[in-house]
Amino acid sequence: MNLIELFKLSFGALNERKVRSGLTVLMVVIGVALMTSLNGLGAGMDNFIDDQLGTLGANILIITPSDSGTAFGPPQETPETKLTSQTVQTIERVHGVEHVIPYYTGVVTMRSSGEEKTVTIRGMDMDKIDYIAPNAELESGSLVSTTDSVGMNLGYYIAYPSDLDKPFAKRGQSVTVEYTLVEMEGDREKLVVEKKSFQIKGIFNETGNMNLDNFAYISPAAANALFDKKGVYDGIYAITKDADDNEVVEERIRKIYGKNIGIISPKALAETIKDVMAQFTGFIGAVALVSMFVGAVGIITTLYTSVMERTREIGLLKAIGYSNRTILIMFLTESIAIGLLGVVLGLLAGAGGAYALVQFLMQSDPEAQSSSQSGATMSPVFRPTDVLEVFLLAFILSVIAGLYPAWRASRLSPITALRKE
Amino acid sequence: MSDSKKKPRRSRKYAIETYDLWKTYKTAYEEVHALHGIDLKIKNGEMVAVVGPSGSGKSTLLNMIGALDRPSKGRILIDNTDITRLKESTLARFRNRKVGFVFQTYNLIARSKVEKNIELPAIMSGTTKKARKNRVKDLLELVGLGGMQNRKPNTLSGGQQQRVAIARALVNEPTFILADEPTGNLDSKTGDEIANILIKINQERKATIVIVTHDLELADKTQRILHLRDGKVEKETEGFSYPMKNFKDK
């Protein structure tokens, strides 16, 4: 018999039970969508981290005053080391360290031709920017020299914010910054607002490096004065000879300072994030897998019920000459139709879900939000192998799920089936 | 004729022949003989009724000659083919081509239109769509439902539904029609109409028809009545109400 005619009969039966068929499709959709969006999110996250790592020199260690920065769990009181020129000299002498770049950081309110913006300013030796961001390039102008007390370089998204239709600042113009610091007057705290003008010496091209694109840079001396740091750095970049040395160098620094200092290796950090991410997606992936099996059981239930309800119809079909095999195929077709529709809708829903999840993650994390403004966005990635895997899994599951009810239907005796009232 | 060892005579005269047909059901305690060695011959173009009380073996006999079930012993020849030896898939094919079933409860598929219901056996046999359409149209005219292709069964009366079922039984031009209590669910007037349609098909189309019923009035409208009791043919009588004028014995 004609296969198309057979499909028509199957679809007719599915169509008769729209709600039930629809709900069963939904069961498949949920599992498939979960898996698809997770795969997409996981792959997107990996890509994002790799991209970020690519813009950052791999042979960097970031040294911070305390060790709390990287630890998961509740923040703890940890001993701090004041990062001074003394520290810089010590680290410079550590074997394997090529360059040491200390920096000051402060958050200011910046004003430029009527617009106002909250900006993170970093004070560091700009001649060494290449070590930190190998792809850093000036769009125009020049780098701020260490002796320049009024010069400033802007990251691409400071100069060209995505929420403004004109540049925030141009080369050669001056901007004013306001920095609020807390001064102790006896026992009382007092807020002092420092105001200073800077001149834009140069603007960086877009690099994809979240820090470089979103920071403004001034000389260390200017930052020390503006933020009243009294020579205490906020962090130190230690550039190693080779990324592979990071671990050894980290150990050597640890030997000197013990737990009293924070050392971050972006490379190691990226690996850690990837690991955690993989574990997380693995866990949810297992849940998604279970939900796919639940979907398969849903197909079995739906079709089995359908077989029971349609015993008379099946009996009639057998009486008028439909073979066991034809009836088996008819019911298998129904389960495959449910499975296919579920997979296709699930893949679409999963793709949509992955984008929604990314949006959600970006919005819930203010830091990520600012980065999403800056163009360093994470987007889900759908690897063809992942999609194919989910597709085949769901398809095969729905065929298997259909087998038992279909077999039961094909084995029904026409006599008993017709006799049943 | 009762000698089962005698090789059945090959003949085109008979649509249905059974030789020493037994059906035995085994229960936990005893063996029940539903059919007790039945021999019968139904000629091509004949219209026959099988009557008998409940438990007489009517339904079992119907299942046997309808190729829905296998006898415990004996032979069934349909169109000179011994169907007791056919394997299941061939039997399905056989039912599709040679038997047209009409049931007491019509057994139409409610979601499908009249046309789809009628063409179901023809879909299985691989008839082309065009041929099916023409055949459905023709058959609907025959049963007096011309133009009702697109109606759903639940918009039809019981009598109309049974007419659709009769059209479905005829769609593959079977060797014989096997009707199981075809008027059982209908009032007497509608039952008469169905009976008349069956007679018309028998006389105009020369279709062989076997009606299993306990409606003696309906049985009386056939040519020959087989009375079953305890799994045996107790006696044969003639139906007196069968209109003789058009019928020619072959």
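About 2,100 Å² is buried between chain A and chain B, and carbon and sulfur atoms give 60% of that area. That is where I want to start today. One caution first: this is a predicted model.

Now the head count. Chain A brings 26 residues to the contact, and chain B brings 22.

Which elements of chain A give two or more residues to the side that touches chain B? They are α1 (3-16), α10 (311-319), α11 (324-364) and α14 (414-419). Find those four helices on your screen.

How many salt bridges cross the interface? The rule finds 3. Here is a pair to look at: E5(A) and R132(B). Their side chains meet in a salt bridge, at 2.9 Å from N to O.

Side chains of opposite charge can pair when their charged atoms come close.

Over all chains, the structure holds 33 salt bridges. I'll walk through a few.

In chain A, take R111(A) and E116(A). They form a salt bridge, and the closest N and O atoms are 3.0 Å apart. Is R111(A) buried, exposed or in between? R111(A) is partly exposed, because its relative accessible area is 32%.

Over to chain B. D82(B) and R85(B) meet in a salt bridge at 3.7 Å, N to O. Look at how the partners sit. D82(B) has 14% relative accessibility, so it counts as buried. R85(B) has 62%, so it counts as exposed.

Staying in chain B, R135(B) forms a salt bridge with E173(B). The closest N and O atoms are 3.4 Å apart. This pair links distant parts of the chain, 38 residues apart. R135(B) is in helix α4 (residues 129-142), while E173(B) is in the loop between α5 (158-170) and β7 (176-180). R135(B) is buried, because its relative accessible area is 19% and the cut-off is under 20%. E173(B) is exposed, at 58%.

Some salt bridges share partners. One network joins E16(A), R17(A), R20(A), E309(A), R310(A), E313(A), E334(A) and R111(B). Note the residue from chain B in that list: R111(B).

Now the backbone. Keep E173(B) in view. Its phi is near 50°, a positive value in a residue other than glycine. D20(B) also has a positive phi, about 50°, and D20(B) is not a glycine. Where does D20(B) sit? In strand β1 (residues 14-26) of chain B. D20(B) is buried, because its relative accessible area is 12%.

Last stop, E92(A). This residue is in helix α3 (residues 85-92) of chain A. E92(A) is partly exposed, with a relative accessible area of 43%. What does E92(A) touch, leaving aside its neighbours within four places in sequence? V97(A) and V100(A). And for a sense of scale, E92(A) and E189(A) are 97 residues apart in sequence and 37 Å apart in space, C-alpha to C-alpha.

Terms used: Residues numbered from 1 in each chain as written. Chains lettered and ligands numbered in written order. Predicted model: local features only at pLDDT ≥ 70, side-chain atom pairs only at ≥ 80, totals over all residues. Heavy atoms only, no water. Contact = heavy atoms within 4.5 Å. Buried area = accessible area lost by both parts, 1.4 Å probe. Salt bridge = Lys/Arg side-chain N within 4 Å of Asp/Glu carboxyl O. Buried < 20%, exposed > 50% of the residue type's maximum accessible area, 1.4 Å probe, protein only.
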